[in-house]
Structures are given as structure tokens and as C-alpha cells.
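Thanks, everyone. I would like to walk through a few side chains and the contacts they make, so please have the picture up while I talk.

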Amino acid sequence: MKRPEAIVLPDSSLIPSDCLISPPPNQFTHELARSQPFYAAQGAPSEPPTGQFEAGAKVVLLYHDGGELCRVVDAAGRYVGTRFDGLRKL
């Protein structure tokens with residue numbers, strides 16, 4: 001039995017194209033104080049996280065309405081939601 005060659009899928013296979021910003025930012029406003037999940041879907045997360053931010057990851061805060069979640073963009077251009085209380089201003 002021949003197995004197909006394994007390939008690593010790009011981030012675009014997990015992140016919808018409307019959640020990608022190009023070119024990605026090169027200046028940041030916040031960093032993650034701890035490791036925490038992020039979500040591609042907008043609003044309250046009803047599905048499992050799309051991915052995980054590592055502690056110290058730098059992001060640009062784009063939207064926060066005072067609630068638990070905010071929208072950020074990271075160095076890879078992913079426009080995603082994550083918990084606001086995990087951000088630390090640079």
C-alpha cells in the first residue's frame with residue numbers, strides 16, 4: 001500500500017479569507033500576557049478555537065466594545081477574536 005506524501009496545509013485552510021489582512025502589520029499595540037485561544041468567527045465563540053496564541057505574541061487591537069472578547073490582527077495577518085483580559089499594552 002502506498003501512502004500519499006504528507007503536506008502541511010497553509011493557515012488559509014483554517015482561517016477564512018475574510019479573516020486575513022494583507023499585508024500584515026509590522027507595528028503592534030499589545031502583546032499576549034499568557035497563552036490563549038483565538039477564534040476566526042465573530043461574536044461569542046460557539047465552536048472550538050481556531051488556534052492558540054503563545055504568551056508574548058504581538059498583536060494590533062482593532063476592536064473592543066468593552067466585553068470579554070476583542071478583535072486583533074497578529075504578525076501573520078490573522079484578524080481574529082480573543083479574550084481582552086489576556087492583552088497587555090506595549
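Predicted model: local features only at pLDDT ≥ 70, side-chain atom pairs only at ≥ 80, totals over all residues.

Let me begin with Tyr63, which counts as partly exposed because its relative accessibility is 47%, where buried means under 20% relative accessible area, exposed means over 50%, and partly exposed lies in between, with a 1.4 Å probe and protein chains only. Residues are numbered from 1 along each chain as its sequence is written, and side-chain values use heavy atoms, with hydrogens and water left out.

Tyr63 is found in strand E4, residues 58–63; strands here are DSSP runs of at least two residues, numbered from the N terminus.

Turning to the aromatic rings, the structure holds one aromatic pair. Phe38 and Phe53 form this pair, which is tilted, at 4.7 Å centre to centre and 45 degrees between the planes; rings of Phe, Tyr and Trp (its six-membered ring) pair if their centres lie within 6.5 Å, and planes under 30 degrees apart count as stacked, over 60 as edge-to-face and the rest as tilted. Phe38 lies in strand E2 (residues 36–38) and Phe53 in strand E3 (residues 51–53), so the pair ties together parts that are 15 residues apart in sequence. Both Phe38 and Phe53 are buried.

Now to the charges: how many salt bridges are there? The count comes to six, taking a salt bridge as a side-chain nitrogen of Lys or Arg within 4 Å of a carboxyl oxygen of Asp or Glu. In one of them, Glu31 meets Arg88 at 3.1 Å, N to O, and this pair links distant parts of the chain, with Glu31 in strand E1 (residues 30–32) and Arg88 in strand E7 (residues 87–89), 57 residues apart. Glu31 is buried because its relative accessible area is 17%, whereas Arg88, at 40%, counts as partly exposed.

Another salt bridge joins Arg78 and Asp74 at 2.5 Å, N to O, and both Arg78 and Asp74 are buried. Arg78 is found in the loop between strand E5 (69–74) and strand E6 (79–83).

Conventions:
Helix = DSSP H or I, 4+ residues; strand = E, 2+ residues; numbered from the N terminus.
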